[in-house]
Amino acid sequence: MADDEMWDVTDIQGTPTGTLHRRGDGPVPAGSFHIVASVCLVSSSGRVLMSLRAAGKDYPLAWEFPAGSALRGETSREGAVRELAEETGMVRAPDDLVLVGRIVEESALFDLWVARIEGEPVPVPDPEEVQDAEWVTLDVVHQRWQDGVFATPWNARFDQLWETLGQRVAEIHGNADGV
């Protein structure tokens with residue numbers, strides 16, 4: 001999350017324009033975007049990994065799925081697996097991810113992915129990014145969303161992707177070979 005973090009600027013289809021943007025320099029130019037990617041990690045028991053944002057971050061002490069901006073040269077999948085590993089210590093390969101959907105936000109293209117993992121490994125949160133992480137049911141995720149304890153951007157994301165997220169979690173949980 002350093003201010004020297006560089007992002008590819010993309011068009012609305014997610015194609016890099018050849019321009020870079022430094023985090024902290026304000027929003028990307030109007031009509032342009034950067035990629036933000038998130039992973040809903042699904043255990044073999046069907047529970048999902050949620051993380052609680054650290055107190056020093058934007059949206060402090062709010063719940064979310066591990067997420068962050070793709071860095072220069074990264075695909076959405078690559079950025080998603082990097083953020084998952086950095087924030088929780090959980091490792092997946094880019095090809096393990098299944099797209100839930102993409103949302104066009106004001107200056108970002110937000111991609112939500114799901115991936116399956118065997119068991120429920122103990123998360124190892126990065127204390128600068130994540131205060132806590134835990135395995136919960138989708139019902140708990142839904143309740144926390146309804147209770148308003150998710151980071152604010154997740155409200156619109158869940159409004160658009162909740163039904164598909166539930167379907168993808170059920171599909172990936174049911175795929176015992178999809179580890």
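Strands S7 (residues 98-104) and S8 run antiparallel in this predicted model, and 6 bridges join them. The link from S7 to S8 is a hairpin of 3 residues. If you want one spot to look at, find Leu-99: its bridge partner in S8 is Trp-113.

H1 itself covers residues 76-88 and reaches 18 Å from its first C-alpha to its last, close to what's expected for 13 residues. Its buried residues include Val-81 and Leu-84, but also Arg-82, Glu-83 and Glu-87.

Now for the rings. There are 10 aromatic pairs here. One of them is Phe-65 with Phe-150, edge-to-face, 6.4 Å centre to centre and with 70° between the planes. Phe-65 sits in the loop between S5 and S6, while Phe-150 is in the loop between helices H2 and H3, 85 residues apart. Phe-65 has a relative accessible area of 0%, so it counts as buried, and Phe-150 is buried too, at 4%.

Phe-65 also pairs with Trp-154: their centres are 5.6 Å apart and their planes at 80°, so this pair is edge-to-face. Trp-154 belongs to helix H3, 89 residues away from Phe-65, and is buried at 1%. These rings are part of one aromatic cluster, with Phe-110, Trp-145, Phe-158 and Trp-162 among the other members.

Arg-157 lies over the face of Trp-154, 5.2 Å from the ring centre. Elsewhere, the charged end of Arg-144 sits over Trp-63, 4.2 Å from the centre of the ring.

Definitions and conventions: Residues are numbered from 1 along each chain as its sequence is written. This is a predicted model: local features need pLDDT of at least 70, side-chain atom pairs count only at pLDDT 80 or more; totals for chains, interfaces and linings use all residues. Side-chain values use heavy atoms; hydrogens and water are left out. Helices (H or I, at least four residues) and strands (E, at least two) are DSSP runs, numbered from the N terminus. The expected span of a helix is 1.5 Å times one less than its number of residues. Buried means under 20% relative accessible area, exposed over 50%, partly exposed in between (1.4 Å probe, protein chains only). Two strands pair if DSSP finds at least two bridges between them. Rings of Phe, Tyr and Trp (its six-membered ring) pair if their centres lie within 6.5 Å; planes under 30 degrees apart count as stacked, over 60 as edge-to-face and the rest as tilted. A charge sits over a ring if NZ of Lys or CZ of Arg is within 6 Å of the ring centre and within 35 degrees of the ring normal.
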